[in-house]
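Keep the viewer open as you read.

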Amino acid sequence: MEQNKINITIDNRPVSVEPGTTVLDAAKSCGIEIPTLCHINLKGTCVNNHPASCRMCVVEVTGRRNLAPACATACTEGMEVHTNTMRVLNARRTVLELILSNHPHDCLVCPKSGNCELQDLARRLKIHESPYEGGEKSCHEVEKTVSIVRDMNKCILCRRCETMCNEVQTVGAIGARNRGFDTTIGPAFGMKLSESECTYCGQCVAVCPVGALTEMDNTGRLISDLANPDKTVVVQTAPAVRVAIGEEFGYPAGTIVTGKLASALRKLGFNYVFDTDFTADLTIMEEGSELLERLQRFLAGDKNVALPILTSCCPAWVNFFEHQFPDMLDLPSTARSPQQMFGSIAKTWWAEKMGIPREKLVVVSVMPCLAKKYESGRDEFKTDGNPDVDYSLSTRELAALIKEANIDFRSLEDSDFDKPLGESTGASVIFGATGGVMEAALRTAYELHTGKTLEKVDFTQVRGLEGVREATVDMDGFELKVGIAHGLGNARRMLEDIRSGKSTFHAIEIMACPGGCVGGGGQPLHHGNVEIIDARRKAVYEEDRNKPLRKSHENPYIKTLYEEFLGKPLSHKAHELLHTHYFNKSEEE
Amino acid sequence: MEKNSISCAAVAKIKEICQAHNNDAGELINILHETQNTFGYLPKDVQALVARTLGIPATRVNGVVSFYAFFTEKPKGKHPISVCLGTACYVRGSEKVLDEVKKVLGIEVGETTPDGVFSLDCLRCVGACGLAPVMTIDGKVYGNVDPKNVRKILESEEFKG
C-alpha cells in the first residue's frame with residue numbers, strides 16, 4: 001500500500017494510482033486493455049474526448065448497481081473493478097450490436113477498412129451476426145470537399161471530431177445537429193463544410209475511429225498522370241512524411257525512411273523526385289529576411305511596423321486567421337508555404353532550365369496534411385488557371401499507392417533526392433515539428449543579423465510538446481522574444497493577447513496540428529497514442545543532426561537559385577513568385 | 001456591417017435579450033426561448049446573431065435549436081395544429097387523423113401551409129386521453145376526432161383569413 005495513492009483491485013489485481021485516475025487508465029497501467037470507441041486522450045496535449053457516450057468501456061464495480069464507464073469513472077479507495085464478467089461482456093456485445101445496427105456493413109469497399117476501430121472491435125468481440133437489423137437507418141448525403149470527405153452514414157456519434165474542432169482547435173465548424181436517427185455532426189444549418197469556417201486542418205479525420213471522415217483521395221489522378229507519356233511528373237515530399245510513412249510498412253514510429261521513400265517514389269514512376277525541404281530552406285530565406293526587415297524598422301523607431309510577425313507555412317492556420325482574425329491580416333509573413341514555393345520555382349526556374357512547358361509539367365506534393373490539398377487549389381497560386389502545385393497526396397495515400405503498385409517498401413535500397421530541388425539542410429527538416437520553423441528561422445536570422453557564425457545551432461528552448469512555449473534569444477545584444485503555439489486553440493489565445501496589446505513577442509510560430517506537421521491530418525493514424533507523434537517529432541530532430549549542413553542559407557542550390565534567378569531575398573521577383581496576400585473570410589465582411 | 005436579412009430593430013432586440021442574460025453562453029436555452037417568443041421562430045440569421053453575440057460557434061446554437069422539439073427554425077402558421085400521437089390517441093387512430101390533416105393541407109409534419117394559415121406538429125399527450133384521439137388548434141383541444149371530420153374542422157369560419 002502506497003501513501004497518498006488510491007488502492008483498488010482490477011480483475012483481482014491490486015493497483016495503486018494517483019487520485020483522479022480513471023478506471024480505464026488504471027487498468028492500462030497494469031496491462032488490462034479495456035475496449036474503447038469514443039474515448040481519445042492525447043496525453044500532454046489538450047486533446048481529451050471522454051463523453052462516455054459509446055458505453056464500450058463499461059466495467060462492473062462491486063457494490064454499484066449499474067455498470068460504470070471506465071473512461072469517465074475515477075478510482076476510489078478500495079474499489080473492486082471487474083472488466084470481464086459475463087454481465088460486462090454481454091453488455092459490451094449488445095452495445096456494439098446496437099451501434100452496428102445503424103452502421104453500413106460495406107467494410108469491403110470502405111476507405112477505412114483495415115484501419116477502423118469499429119471493425120477492430122467487431123472482430124475482437126467476435127460479432128458475426130447482426131441481430132438488430134431491419135430498423136431505421138440514418139440517411140445522409142456524402143459531401144466531398146477538396147480536402148475532406150464526410151460520409152455521415154458511417155458516423156457513430158463518438159464526438160471526437162466535435163471535440164477536436166471546438167475545444168482543441170476552437171474553429172467551431174462542426175457540431176451535432178438534430179436528434180435520434182437524424183443526428184449528424186456537421187456545420188450549422190446543414191451547410192456544406194466548404195461553406196463553413198472549416199480550416200481543413202484534418203484533425204477531425206485524424207481522430208475519426210470509422211470511415212465517416214476521410215481524405216479526398218487523389219491517387220487515381222496521380223496514376224493516370226504517371227501513365228501519360230506526354231507529362232513530366234515531379235514530386236515534392238514534406239519533412240514530416242519521411243518520419244511517419246514507415247509506420248505503414250511495419251516500422252516503429254519515428255523510424256527515418258528518407259532513402260527508401262525517395263526510392264519508392266522513383267519506382268512509382270515520377271520523372272524527378274524532389275524535396276519540399278529545398279523550399280523550406282527558401283521559405284527561411286524569405287521569411288527570415290522579412291523578420292529582420294520588420295525588426296530593423298522597429299529598432300529604428302518605426303511604431304507602425306507589423307509585429308509580431310507570424311509564420312505562414314501552415315495552410316490550416318492561414319485559413320484560421322482569414323476566418324477568425326481578419327483584423328490582423330498584416331501580421332503574418334507574406335511568404336508562401338514551402339509547398340507553394342516549390343510549385344512556383346519548379347514551374348518557372350526549373351521548368352525553364354529543363355525546357356519543359358508549363359502545361360506538360362505536373363507537380364505533385366506528398367504532405368502530412370489535408371489542408372495542403374485546399375492550399376494547392378487557391379486561385380492566387382495559379383497562372384492562367386494552371387496551379388503551381390497540381391494536387392497533393394497525404395502520407396496515407398502515398399503509402400496505399402506504394403502497396404497498390406506492388407513495391408516492397410522494406411526491401412528498397414536507399415537513394416537520394418534529385419538535384420537541384422532535392423537538396424536541403426537540417427533547418428528545413430525540422431519544419432515538420434512544432435517549434436521547428438522558428439528554430440530554422442533563428443539559425444539564419446541570427447547569422448544575417450549579427451554577421452557572426454552561430455556556434456550552437458540547437459535552440460532547444462523552442463522545442464517540446466507544450467501547447468504554448470516562449471523563449472528569448474540573444475541576437476548579439478538584442479533580446480528577440482519568440483513564441484510558439486501548436487493547435488489552433490493555443491494559437492487563438494496568442495492572437496487574442498496580441499489583439500488586446502498584452503503580447504510582447506517579436507515573432508510567433510504557429511502550426512495548426514498538435515505536435516506540428518508530424519501530427520498532421522494526413523499522417524498514418526495514431527489511434528490516440530501520443531507517443532507516436534512524439535517519436536516522429538524526435539526523429540525530425542535526429543534527421544537534422546545527421547545533416548552536414550544545418551542552416552538554410554548554406555544550402556548551395558538555394559544560393560544558385562538566388563544568383564541565377566531571384567536576385568536576393570524580398571526582391572521584386574521573389575515577391576512575385578514566393579509571397580502572397582491574405583483575404584478576409586469572416587462572415588462580417 | 002452585419003450581413004443579416006433581419007431588421008435593425010430585431011438585431012437590437014436580440015442583443016437586448018442576450019445582454020439581459022449577461023451574454024452568458026450558459027443561458028443559451030433561456031435566451032433562445034425568449035428570442036423565439038419574440039419572433040415566433042428561430043431562423044438561421046437569428047441563430048447566427050445569437051451565436052456571435054454570445055461568442056460561441058453557430059454550430060452550438062444550431063445544435064441546441066435542432067435538438068429540442070420546442071424550438072422551430074420555420075415560421076409557425078397563424079393557427080398551429082398539433083396532433084397527439086401519445087399512446088391513448090395512437091391506439092384510437094390518431095395516425096389516421098394526422099394523415100388526413102396532411103392530405104387536406106398538403107404539408108408534412110413541421111411544415112407550414114404556403115398561405116401561412118396552418119402549421120402542423122405532433123405532440124405526446126395533452127392530458128385529455130378520455131377524448132382520444134385529440135388534436136389542438138391554437139391550443140384549443142378537439143376531442144374524439146374522426147378523420148372524416150378533419151376537413152370540416154379545418155375549413156370552418158374561425159380559421160378563414
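Find B:N62 first: this residue sits in helix 4 of chain B, the stretch covering residues 58-67. Keep in mind that you're looking at a predicted model. Is B:N62 buried or exposed? B:N62 counts as buried because 28 other C-beta atoms lie within 10 Å, and the cut-off for that label is 20 or more.

So who's around B:N62? Ignoring neighbours within four places in sequence, the contacts of B:N62 are A:R177, A:A188, A:F189 and B:Q47.

Now zoom out to where the two chains touch. Chain A puts 14 residues into the contact, and chain B puts in twelve. On the chain B side, helix 4 of chain B supplies the largest share, with seven residues.

What about chain B as a whole? Chain B carries seven helices and four strands, and reading from the N terminus the order goes α-α-α-α-β-α-α-β-β-β-α. The C-alpha trace of chain B spans about 55 × 30 × 20 Å along its principal axes. Of the 161 residues in chain B, 29% are buried. If you take the contacts in chain B between residues at least 6 apart in sequence, 60% of them link residues at least 24 apart.

Over in chain A, there's another helix 4 to look at, this one running over residues 160-168. Helix 4 of chain A is mostly covered, with eight of its nine residues buried; among them are A:R160, A:E162, A:M164 and A:V168. Just past the end of helix 4 of chain A, A:T170 adopts a positive phi of about 50°.

Let's finish with a sheet in chain A. Four strands make up this open sheet, ordered 15-22-21-20, with mixed pairing. Its edges are strand 15 (309-310) and strand 20 (468-475) of chain A, each of which pairs on one side only. As background, strands of a sheet pair through backbone hydrogen bonds, and they can do it parallel or antiparallel. Strand 20 of chain A runs antiparallel to strand 21 (residues 478-486) of chain A, and eight bridges join the two. To see that pairing in the viewer, pick out A:V468, which stands opposite A:A485 in strand 21 of chain A.

Notes
Residues are numbered from 1 along each chain as its sequence is written. Chains are lettered from A and ligands numbered from 1 in the order in which they are written. This is a predicted model: local features need pLDDT of at least 70, side-chain atom pairs count only at pLDDT 80 or more; totals for chains, interfaces and linings use all residues. A residue is buried if 20 or more other C-beta atoms lie within 10 Å of its own, exposed if 12 or fewer, and partly exposed in between; C-beta atoms are placed from the backbone. Two residues are in contact if their C-beta atoms, placed from the backbone, lie within 7 Å. Two strands pair if DSSP finds at least two bridges between them.
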